[in-house]
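Biologist: I'm new to reading structures like this one. Could we walk through it together, one question at a time?

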Amino acid sequence: MEDAQILELYFARSEQAIVETDTKYGGYCYSIAYNILVNAEDAEESVSDTYLAAWRAMPPRRPAILATFLGKITRHLSIDRWRSRSAYKRGGGEMPLALEELGECVAGGESPEQAVQRKALAAAVNRFLAALPETERSVFLCRYWYFDSLADTAEHFGFTESKVKSILHRTRKKLRAQLEKEGLL
Amino acid sequence: MNANQLLDAIGDAKDPYVWEAQRRRAGEAPKAKALPLRKSLLIAAVIALTLLLVGCAVVYALRLQDMKVGQHTESIPTYYDEEGNAIPAQTRPPITLISLQGANREALAEWVAFKESYDQDGSIAIQADNSGSAQNIPEAYRFTYDCYSQEMVDKLNEIVEKYDLKLLSTYVTCQYYENSVLFGALGIDGVCRDTPGAEVEYLSGYFYPEGTFSLDMAITMDAGTWRCDSSIASVRYSRKDSFDPVVGALDDPDSYTQWDYTREDGVTVLLARKEGSWARIYADLPEAFLSVLLDGDILVNGEKVPMTAEALEQIAELFDLTISPHPADMTQVEILQAQAAEDHKEAQAAAQAEWESHFTVSGYAEFVEYELEHSHSPEELSYILRDLNGDGVEELIINGGEILSLKDGETYKYFDFDSTGVFIPHFQLCEGNLFELYCEDFGTYQYYFYQANGESASFLTGVSYDTVNDIWYVNRKDGAVTENRQQITKEEAQQILDSYTRIEFDWLPLKRYGEPVVEMNDSDPYAKYIAKSLYRYDNAGNYRYTRMDLNGDGVEELITQDALINQQYLLLRVQTNVDGKLTAVKTGTGVDIFTHVCEGGILEYSEDYDENSHPYHAYYQMTGDKCLLVDSVFQDRGSGYWYRMSGGKEGEVITEQEALSVIGSYKRIELDSKPFPEYPFR
């Protein structure tokens, strides 16, 4: 079913909206959640929470791209779930590895200035992404948005793992340079 | 800041980028399946005659209004101004819910009414979710009918018993490469008939083991007077002997133009269309009901226009209304799924192999042809031909990509820029069979030098600059590997860089490969930009330019309408002359495209192309070679409310009248533009 139809169902408060969402984007959301949580049960819960959040958000929200709207909710919920879980123990999966890699881009240890800095940071990240060639942008997002493993990312693009590593290394370096240049580090 | 915060910020990446990456994760879509031409018009004529003889044509009385099973009115939260008065918002028309099954409408209306009134605040759903009690609901009730409480199960059972209906089982989903599973499991070949000039690409869908299914597809069709290019259609085939809970939704049914159309095979279908909405096809068949939702636009002379009656009737002929899905054998479904996964894997491997093989072809011309054909922006590709290694054979150098050479009449990949570790590699020729790949973009400074050898190039020296710590490094082996780099002084770095002698050259458009080279020597950077555009882009003769001093510094800016970004609407690109160098005028957020120039040198970017776009107006003031947002006004289509952000303040809800007043306060200027070819070149 097309996204516009699914949105119509949400706005019609038809619960079939959830069924159609699950049919079309269940696998997509699950892959995001599983990459972060590495636990089928937790991932399924995050996906269920995603649907509930989507149901509450639409209406009034009418996302331009339904998939990424859902994906963002899943990512957010899954990271929250991972953080609360890892407060007790260190989990597996790509999330801690991705965090370690991104540690290269930031200074760390500084106290957060919360919302203001987050907004500025998000805007800077989007400017950074806008300037990247499509392939590098997609490689970067597969790793740090979707938390795909290096091997999976390499397979998506038909690259070797070392090439993916190389692209990520360059991209992180550039991100760090840009954040530094914009006074965000 | 820490890595966690950065991770959150990456989560706010713009949707198009996230979706772009997802497309790569999901793999490329398979090629369209071409339907073979219809075998014989004679056969069609015989079928039509047979149908006439048996009297299959029926008088059709179905209308959208008849399919209604419920209605929903959207509620919009109210915003208040500073004095506590409610800000008026648009009222939204009710949404009509329709049956997609043809039969069992009373049962569905009862079920829809129950669900509309049940658990309105969602508390039961939340409780069921938190307690896990929903897990105890039988799977088909939970997934197919979305029941999350025993009360709902009981109500559903009551309805199916009352109307003597069967329940559907849990559905099976199919990815775009698994539509063969749907067809195989249900024993059908597809849902379209062989039709001249039509191609159908089946996409994702799902089916119930009982035979009801939904399937998306992309239709490409050329009917001569009109055509559609990968128009999306969504088909639902709903068997009447089971209770189908899926409802369709549409706005006012009375606003649609509806008519019966009798197809060539004698079957009458209901067609409905409305400008700005989906086109619809409904066929009430003996055992099932088929509904098709179609993209509401077609192309006439290359322009998008609303679906015509003629076009919709022709599209209605595409669908095979004789299909009769049989119940699925679920043990076979697993086998079909495994086969589909294997086929998909093979297709991906074949695509990768094809990509690798394109580097080995009989001559540069064939390679260039492939590159141009497979590039998303072929006009942006550049090349030069140079004998890099002095063996008498010119290498083909593609900017930002790779270097090819020739051996025994065949091309081969001589050097791949991607393997070097240079972030955004730019190629530079140097004296002595040497070349450089460098990057000076976005604060990254890398300069790597290579020796062109017989059949490949080898790394010589790399110099890089760490802008964060103000440190220069040199690499003497293994390219950009940081482990091997050594810290050097700025002077030492400069000495290394100066030891290579660069050779100036101009890139040529790859589209012009094989043509005589045209020299451009104008000292005016605007003239050079326009001349290069005319040489590179086929339609640049239609591009227009204006010169205007926007920031009052005495230097005229170059404003061009070159349609490079959006082919449907002309957009403005603004560039200025900074010390003889062409410099793009950008906003702080990287916006470098505008739609209008307003009085006072204000640049406007608006999205009000048509009634379907979100009204959005942003106004920028140029300062130096940058521009700053001074005002923006936009309407949220979901709620109908207008918002304003100005002077760095948080956004606020305003009335429509206030919004229109803001928009009206910026007076657009009619640009006195001229075609590119009329630029006064020296």
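Biologist: Which residue in strand 26 of chain B is the bridge partner of B:Gln451?

Modeller: Let's begin with the two strands, where a strand is a DSSP run of E with at least two residues, a helix is a run of H or I with at least four, and both are numbered from the N terminus. Strand 25 (residues 445-452) and strand 26 (residues 457-466) of chain B are antiparallel partners, joined over 8 bridges; DSSP must find at least two bridges for strands to pair. In strand 26 of chain B, B:Gln451 is bridged to B:Ser458.

Biologist: Before we go on, what kind of model is this?

Modeller: Residues are numbered from 1 along each chain as its sequence is written, while chains are lettered from A and ligands numbered from 1 in the order in which they are written. Local features need pLDDT of at least 70, side-chain atom pairs count only at pLDDT 80 or more, and totals for chains, interfaces and linings use all residues, for the model is predicted.

Biologist: Is B:Asn433 buried, partly exposed or exposed?

Modeller: B:Asn433 sits in the loop between strand 23 (426-430) and strand 24 (434-439) of chain B, and its phi is positive, about 55 degrees, although it is not a glycine. We count other C-beta atoms, placed from the backbone, within 10 Å of a residue's own: 20 or more is buried, 12 or fewer is exposed, and in between is partly exposed. B:Asn433 has 15 C-beta neighbours inside 10 Å, so it counts as partly exposed.

Biologist: And how does B:Asp146 come out, buried or exposed?

Modeller: B:Asp146 is in the loop between helix 6 (139-143) and helix 7 (150-162) of chain B. Its phi is positive too, near 55 degrees. With 21 other C-beta atoms within 10 Å, B:Asp146 is buried.

Biologist: Which residues touch the most other members of the largest nonpolar core?

Modeller: A nonpolar core is a set of buried Ala, Val, Leu, Ile, Met, Phe, Trp, Tyr and Cys residues joined through C-beta atoms within 7 Å. The largest one has 135 residues, and its largest share, 10 residues, comes from helix 2 (residues 16-37) of chain A. The members that touch the most others are A:Leu141, B:Leu182, B:Phe207 and B:Val247.

Biologist: How far apart are the axes of helix 7 and helix 8 of chain A?

Modeller: Two packed helices are described by the angle between their axes and the distance between the axes. Axes are lines fitted to C-alpha atoms, for helices over the stretch in contact, and angles run from 0 to 180 degrees between N-to-C directions. Helix 7 (residues 134-144) and helix 8 (residues 150-157) of chain A pack at about 150 degrees, with an axis distance of 10 Å.

Biologist: Finally, what share of chain A counts as buried?

Modeller: Chain A has 9 helices and 0 strands, whereas chain B has 14 helices and 43 strands. In chain B, 31% of the 682 residues are buried. For the 185 residues of chain A, the buried share is 49%.
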